[in-house]
Amino acid sequence: MDPDFDAAVLHALFTQPPIGLHVLDPELRIVRFNSAAPGAQGLDMRDAVGRTWRELGITTDEVEGMLRTVLETGEAVTDFRYRGHLAVLGGVEKVLSISAFRLQDAEGRTLGVASTVVDITERDRAEQRLQLLCQAGERIGNSLDVFRTAQELADVAVGELADVVTVDVLDAVLQGEAPRPGPLFDPVTVRRAGFRVAYESAVGSSYEIGGVRVMGLGTPYARALSDLRPRLVPVLRPDDPWLVRNPVLAERVRETGVHSMIAVPLAARGVVLGMAAFYRGLGSPPFDDAELGVATNMVARAAVCVDNARRYTRERTIARLTQRALVPDRLPSQTAAETTFAFLPLASSGVWYDVIPLSGARIALVAGEVSGHGLHTVTTMGRLRTAISALTAMDLQADELLEHLHALTEQLAREHPPAEDSDQSELTATCLFVIYDPATRTCTLSRAGHPAPVLALPDGSIHVIDVPAGPNLGRGMASYRSASVDLPEGSILTLYNAELLQDTDQDRLPAFQNAFSTPPGLTGRLQDMCDALMNSLLPDNPVDDALLLLARTRSLGPDQTASWTLPHEPESAAAARRLVAGQLTAWNLDDLTFNTELIASELVTNAIRYSTGPPELRLINDRALICEVSDNSIAAPRLRHPEDDDEGGRGLYLIAQLAQHWGTLHTGRGKTIWTEQTLP
């Protein structure tokens with residue numbers, strides 16, 4: 001080897017590389033170093049050689065310990081990160097990447113340590129900024145709540161980017177409304193939605209969540225909102241002109257030691273949503289342009305999440321308003337039962353309830369729930385409720401009605417399948433349908449996946465009614481059965497939805513027992529019992545709508561009904577007229593005698609003509625005068641509109657003209673034709 005060449009290479013190695021290079025002896029004294037080494041600028045080689053890094057002020061115990069480990073073990077260390085303030089570097093915080101390996105001669109004797117030192121401060125800062133943005137992407141937007149999203153932005157930024165962070169949003173955003181698009185040029189009123197500090201001295205009453213303030217003109221906030229560009233105030237002084245105009249804010253800046261600020265408009269999809277402000281104080285360095293970019297990117301991410309929360313709030317508000325419009329505000333007053341309800345629309349789900357008057361003074365109690373949440377679920381609930389009202393007008397049996405409702409739910413599911421990229425499940429629903437007849441005190445129930453009702457009897461006993469469980473509406477094969485129970489007058493039926501369920505049916509009974517046993521017991525105010533039950537059954541953190549529907553049964557007295565079984569002979573029509581006239585006279589309803597005689601005569605005549613058994617005639621004096629004729633034929637009559645020269649077909653036409661309502665109820669032994677007339 002050429003000695004001159006070796007000397008030239010060695011000289012170039014210690015003068016030209018852009019990274020710091022040190023050669024240390026076994027005592028960690030400097031043997032040689034190059035001019036690129038941190039702190040080497042202006043350092044005389046003759047003053048450095050033979051001295052340790054510690055003597056020169058360019059090391060710490062942490063770094064020295066790493067070098068001694070390399071000497072002792074011979075294991076090389078690469079990219080050892082050191083972050084700190086070195087006096088030899090002017091007291092400025094630096095991040096150094098140190099690599100070291102042990103030097104040995106041909107016989108394996110330790111000669112010392114060679115190390116490289118690279119100043120990676122800027123690269124480290126860039127990595128931290130990138131890591132902060134990644135954290136922001138993971139931690140911001142985990143909910144569809146405006147306040148929580150704003151607080152997540154403040155939580156992520158404090159400590160890593162700023163000492164104090166405030167997030168303010170427009171009031172319209174909290175209501176789900178969309179502010180006008182584009183910049184804002186006028187003073188705007190905002191509400192504090194997020195706030196976080198790194199030190200307690202920055203906390204003040206004015207930073208309370210929910211507090212309101214006005215962003216006046218001539219401030220960095222207003223300028224940022226006017227052109228939707230962020231503002232960097234590297235040096236913030238209490239005597240700045242815009243702070244002088246706001247003595248309260250100026251005093252707060254003075255007290256907290258804030259000296260640098262970034263104001264970024266919270267805007268997404270062309271709509272201004274609010275303002276995010278970042279502050280530094282208490283010895284932190286001023287913000288620079290790179291940190292302005294980080295803050296801008298974080299706020300842009302948060303703005304999209306806030307706008308998503310605003311849209312969700314708007315849809316939820318619309319869904320709740322629609323839901324309230326599609327369920328009854330009050331229940332109709334009926335003779336059959338006293339009813340009341342408690343309904344908490346907490347999640348815009350498809351919960352509905354109803355009390356529907358039926359023929360013969362009967363009522364139907366309905367409770368149901370459509371799967372899912374949101375506007376589509378609520379409107380589907382409205383369609384099913386409307387369908388039930390239409391089906392009950394046909395006087396269907398409870399199980400038959402659920403079969404029709406099952407078919408409708410399947411049709412709706414086919415018309416509106418869930419989107420492929422949506423987490424929405426296939427449309428299904430549950431329903432409990434109850435029919436109560438006050439004349440016979442018989443309750444008929446059928447359910448499609450809905451919880452069975454709880455029955456409280458006047459003797460104080462409480463149990464869950466055993467109703468055969470059918471499949472959810474729209475799922476599986478429509479197979480429903482009914483159960484019938486006789487209820488003493490004063491019994492209380494309780495219908496509810498799955499949100500109020502606990503582990504088992506028996507676990508719910510103590511809550512019912514407490515509510516119904518509180519004096520004066522089952523004879524007390526039904527609304528008080530309903531409220532007590534809701535307080536007992538509602539979970540601590542409900543996630544769905546909650547419903548309670550209570551009905552205290554009544555019965556028709558013997559002075560309100562009259563019934564007769566007539567012979568199967570033509571003369572029964574005349575007998576029916578006489579019986580009707582006598583009963584209406586006893587009820588002091590002589591004004592309805594002529595029409596009712598005609599109605600009863602026509603219905604009895606048809607029963608004798610088209611059936612084989614003796615017809616039954618019944619009058620009910622309720623909120624209307626009800627006339628019923630029952631026979632053993634399943635053939636349903638059909639209303640015709642006869643021509644002038646037709647010889648027949650006018651019977652039902654006359655009945656429809658004389659009665660306010662009429663219909664056909666199919667029973668187990670045949671059918672019942674009923675009419676209703678308004679009482680005078």
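Strands E4 (residues 93–104) and E5 (residues 110–119) run antiparallel and are joined by 9 bridges. The model is predicted.

- Ile98 has Val117 in E5 as its bridge partner.

**Helix H18**
- Gly651, Leu652 and Ile655 are buried in helix H18, which spans residues 651–658.
- The buried residues of H18 line one face of the helix, because they fall within an arc of 90° when seen down its axis.
- Helix H17 (593–610), strand E26 (661–666) and strand E27 (671–678) are among the elements that cover the buried residues of H18.

**Aromatic pairs**
- The whole structure contains 5 aromatic pairs.
- The ring centres of Phe512 and Phe516 are 6.1 Å apart and the ring planes stand at 45°, so this pair is tilted.
- Phe512 and Phe516 both belong to helix H14 (residues 505–517), and because they are 4 residues apart, about one helical turn separates them.
- Residues three or four places apart in an α-helix point the same way, because the helix has 3.6 residues a turn.
- Phe512 counts as buried because its relative accessibility is 0%.
- Phe516 counts as buried as well, at 4% relative accessibility, under the cut-off of 20%.
- Phe341, Phe343 and Tyr353 form one aromatic cluster.

**A charge over a ring**
- Arg213 lies over the face of Tyr221, and its distance from the ring centre is 5.2 Å.

Definitions and conventions: Residues numbered from 1 in each chain as written. Predicted model: local features only at pLDDT ≥ 70, side-chain atom pairs only at ≥ 80, totals over all residues. Heavy atoms only, no water. Pairing = 2+ DSSP bridges. Helix = DSSP H or I, 4+ residues; strand = E, 2+ residues; numbered from the N terminus. Buried < 20%, exposed > 50% of the residue type's maximum accessible area, 1.4 Å probe, protein only. Arc of directions from axis to C-beta. Contact = heavy atoms within 4.5 Å. Phe/Tyr/Trp six-rings, centres within 6.5 Å; stacked < 30°, edge-to-face > 60°. Lys NZ or Arg CZ within 6 Å of the ring centre and 35° of its normal.
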